[in-house]
Structures are given as C-alpha cells and as structure tokens.
Amino acid sequence: MTKQTALYTAHKEHSAKFVSFAGYELPIHYGSQIGEHHTVRQSAGMFDVSHMTTVDIHGAGAMDWLRHLLTNDVAKLSDGRALYTCMCREDGGVLDDLIVYRMTTDRFRLIVNAATREKDLAWMQGHKPAGVELDELLDTSLIAVQGPDAVKLAAQALKEVGQTLPIESLNRFAALESKDWFIGRTGYTGEDGVEISLPDAQALAFWQALTEQGVKPAGLGARDTLRLEAGLCLYGQDLDEDHSPAESGIATTIDINDPDRDFIGRETLEDHKMFGGRFCQIGLVLDGRGVLRQGQIVERVGRDIGRVTSGTFSPTRELSIALARVDKEFLGGCDVNIRNRLVGAHIASVPFVPHGRARE
Amino acid sequence: MEIPGDLKFAPSHEWVRIEEDGSVTVGISGHAQEQLGDLVFVETPEVDHVCEAEEGIAVVESVKAASDIYAPVAGKILDTNGNLAENPELVNSEPYEGGWIFKLLPDELADVENLMDPDDYQAYCEAEE
C-alpha cells in the first residue's frame, strides 16, 4: 500500500500528477516539469521530500562511531555544520550517499535516501556499539525550498508562521534548529536554498505560507533534471554497491587525511582515492538530437566502454546531458547507442550548470 | 481539455481531422500529451512517405521517454508541422491546433470514418485508466 505524506492534500489542490516512489505517492509535476525546473533556476520552487529518512545519532561515542561508519570525516565539522558522505561496505561499494549534520559532539543527524531506508537502518543497527543510540525521526515532514529567491521567501514564510529562525545569515551546509524545526542550508539542485524539517501537524500551514510568498510547488521530475544539471548523483543509478565513490565521481567524499581513522572500506577506498578505481564517471553532452538515458551503451570506435547511469534533457541548456560510468582507459569523444542509432557525444565538465548558470 | 467535435481517434491516441480537400491532419490527443509530459523533440515523417495503417511513422520524446506515433490509416504523407522543431511544446499546449504533427492523403477515406468518435474515445480513455 503506498503511503502519503502530510502534504498530500496540498499537492492535490495544486493539480499534482502523482507517481509511486519509494513506497510513497508523490508529485512528479504540477502541470509542467520544464516550467517547474525554470522556476527553481529563476526564482524559487519547493519540493515535498518527506519520504526521505532522518536518523538522529546520540551518545558519547557518536562521533567516533560515525568516523568509523562513514567515508568522510565528521571530526572536521564544527557544531551546526554538515557534510556530504558515503556509507560503504568493507569492499568499498557504496551502500548510500547522505548528508550528516553535527549538532554537538554527541548528537548528529543523518538524512538518507528513502529507497535505501531498510538497508541503511539495518546496516547501522548491525554496526552500532553500545552507548550510541539511533532514533529515526517520525511524524516529520521535509520541505526543500530552492532557487535564487528561496532563502529570502522562506524567511518571510517562517515569520508568517511564527518561527524566528534567522536563516538568511545561515552559511551553506550549516543548520539551525528550534523546538521541532530543523533547517539546513543544503539542497539537491545546485541553487541556494534550505531544507526544512518540521512536525507533520504544521506542514500544510507552512506549505501554504510558502505559496503565499510566491514559492511554486515543484515535482520529482524537475528535481531530477535540476540535480543532473548540477552534476549530483542519484543512488541506484549513479551510485550502487558494485562501485566505489571514486568510480562514481565523488572521490571527494573519501577523506584519508587522518591515517589513524579506521573507517569501513578504508583499504580499498584509500587506494581508489589516490589512484582511482577501474571505472570513472564522466559527464556527456549529446551532439545530435535525442535524449541520453540510463542504461544506454557508450562506445568508442565500436568498443563497449561503459553505460549512461543518468541521462535527461537539460531545460537550462536545451540539450541532452548525462552522467556515465566508463572504463578508465577511455579518453576523448564517443558515440552512444540510442535506440540502435549511434549518436556522437563529447565529454563535458560536471556540473553542467554550475551555480545555477548555464556554461558559455 | 475539450475534444473538438469534428475529430476521429485511433486507439493509439492519434486524432484525425478530415480537411476539405480530402487530406487528413493528424496529431496526438490532449490525454496523450498529458501522459507524456513536456515534449522536448518531435521527429516528423518524411513527406511523400507511403505508410501502412498502424505503422510507426513519427516519434515524440519527452524528458521521461520516447513514444512512437502511428499512422491512423494507410496513405501518403503530404506535409509536416515545421514549427515543432523549434517548439515541440506546442504539442502539449495546443494538441488539437498548433501542435498538429503531419498531414496525409488516405488511401480510403472510409478508413477514417471507422475510427472512434470523441465520445467513444473518451470512454476508451476512461476504460484504460
């Protein structure tokens, strides 16, 4: 049975077209996926991402444990700051990618993917020492407000509902909380913005307040074209258990600076961090008409060298873009097999739309 | 979206309008464009191409997926909508007007008469849900 978020009725009122995703009925768009994409790049859009999983970690051993569990090093965070990291298997394969916030040395918050919820929770429970508690946050909604005007409009909406959190002075990748509200200046679109966690009971009223400030609802379709333009990975497509972060374009999530930090997967990941794995991630821009899509074969001079992991049409650049994983020996231009036609593509810099602006 | 009364429909969601000169104009229905989402490319057929009924002769591509458009009846392609190269979104905003895809000369006009009326098509779509 698919679940609904606390904002379901708001989505219906805005004429959402629903799709089933990670066990939830969520809006894919509210009328125009491309229109919603442009709205996020030009002003502000909001996404209901309440299906994602929030887990609070607390106890005196919390920091040491997370330094062991995660590929990036939470010791370099100060209170109220977040970082992007992977959680890997012993062989370096990625179990999930996630954002971890440090609130104090003994209290952390993890936001993990909806689709990997059961797997992640089981893994964490299985690797947790005594003295560290895991609490999944329930009855909580998560709204992402993204775009050049997002922070300004979200701040006004917060005032309207009586929340006095000073988000305009929040640094990127920093968070603050007040009672049951938690706000991070993070996002998945390449734009400035905030991700706001709040009790389900207050979600509809806050969504309404955001609407009144001019923020437009945006669905999962726009979320995907935005994140791909920004070069951000999607677990299950660009990331999976069979490849390391270094083979997926996110070697930056592997921190080997502290030689004494023994984290799960360190042996393989240290090697991959320094020398790369067998595969690497590349960005592709299609030279001809068509749309690059997950699973298409990437060829070089007739040889199969890899696969498109995520592809789409970029509304901002008006051409097709993709992330692909290819055998590292490859360099230069290539062809992609699109419905049995070979179309030329060239490697492009990722992100395709850096800081929300189209490349010249 | 209201369906214009003078149209006929194929089960694969193409609409057909009989023109005064005996040719027919073809596009995809409001229901179809809504299912597809925002279109980014339309591949129109070649003029003078001779097609069978139900032959895949055009392609519409949205961000989500590519979909084939089928000839509603057998005939010869007379013309294609040149505006769709620059503005594929016309198929979404005006599926029955500016978003027409091609014109063809049917082998038998009777084949067009045998297609669904707007009411039958409406019922057909509801049954498909």
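What follows is a set of questions and answers on a predicted model.

Q: In which hand does helix 2 of chain A pass helix 7 of chain A?
A: The crossing is right-handed.

Q: What makes the contact between helix 2 and helix 7 of chain A?
A: From helix 2 of chain A come A:Q33, A:E36, A:H37 and A:V40, and from helix 7 of chain A come A:G221, A:A222, A:T225 and A:L226. Sorted by class, the contact of these two helices of chain A has 3 nonpolar, 4 polar and 1 charged residues.

Q: What does helix 7 of chain A lie across?
A: Helix 7 of chain A lies across strand 16 (303-314) and strand 17 (319-327) of chain A, and runs at about 125 degrees to strand 16 of chain A.

Q: Which residues meet where helix 5 of chain A contacts helix 6 of chain A?
A: A:L153, A:A154, A:A157 and A:E160 of helix 5 of chain A meet A:F206, A:A209 and A:L210 of helix 6 of chain A. The class count for this contact is 6 nonpolar, no polar and 1 charged residues.

Q: What makes strand 14 and strand 17 of chain A a pair?
A: Pairing takes at least two bridges. Strand 14 and strand 17 of chain A have 7 bridges in the antiparallel sense, so they qualify as a pair. Within this pairing, A:F279 stands opposite A:D327 in strand 17 of chain A.

Q: How do you know that strand 14 of chain A also pairs with strand 19 of chain A?
A: Strand 14 (residues 279-286) of chain A is joined to strand 19 (residues 341-348) of chain A by 4 bridges, running antiparallel. With at least two required, these strands count as paired. A:V285 stands opposite A:H346 in strand 19 of chain A.

Q: In what order do the strands of the closed barrel of chain A run?
A: The 6 strands run 14-17-16-15-18-19 (chain A), with antiparallel pairing. On average, neighbouring strands of this sheet are turned by 45 degrees against each other, direction ignored.

Q: What does strand 4 of chain A pair with?
A: Strand 4 (residues 53-58) of chain A pairs with strand 7 (residues 107-112) of chain A over 6 bridges, in the antiparallel sense. There, A:T53 has A:V112 as its bridge partner. Strand 4 of chain A is also joined to strand 8 (residues 133-136) of chain A by 4 bridges, again antiparallel, and A:V55 stands opposite A:E136.

Q: Why do strand 4 and strand 7 of chain B stand at the edges?
A: The open sheet of chain B has 3 strands in the order 4-6-7, with antiparallel pairing. Strand 4 (39-43) and strand 7 (66-70) of chain B each have a single partner strand, so one side of each is left without a neighbour in the sheet.

Q: How many bridges join strand 6 of chain B to strand 7 of chain B?
A: There are 5 bridges between these antiparallel strands of chain B, and B:G56 has B:Y70 as its bridge partner.

Q: How many residues of chain B are in contact with chain A?
A: On the chain B side there are 7 residues, in contact with 12 residues of chain A. The chain B side divides into 4 nonpolar, 1 polar and 2 charged residues.

Key. Residues numbered from 1 in each chain as written. Chains lettered and ligands numbered in written order. Predicted model: local features only at pLDDT ≥ 70, side-chain atom pairs only at ≥ 80, totals over all residues. Contact = placed C-beta atoms within 7 Å. Nonpolar A, V, L, I, M, F, W, Y, C, P; charged D, E, K, R; others polar. Left-handed = near helix turned anticlockwise from the far one by under 90°. Axes fitted to C-alpha atoms, helices over the stretch in contact; angles between N-to-C directions.
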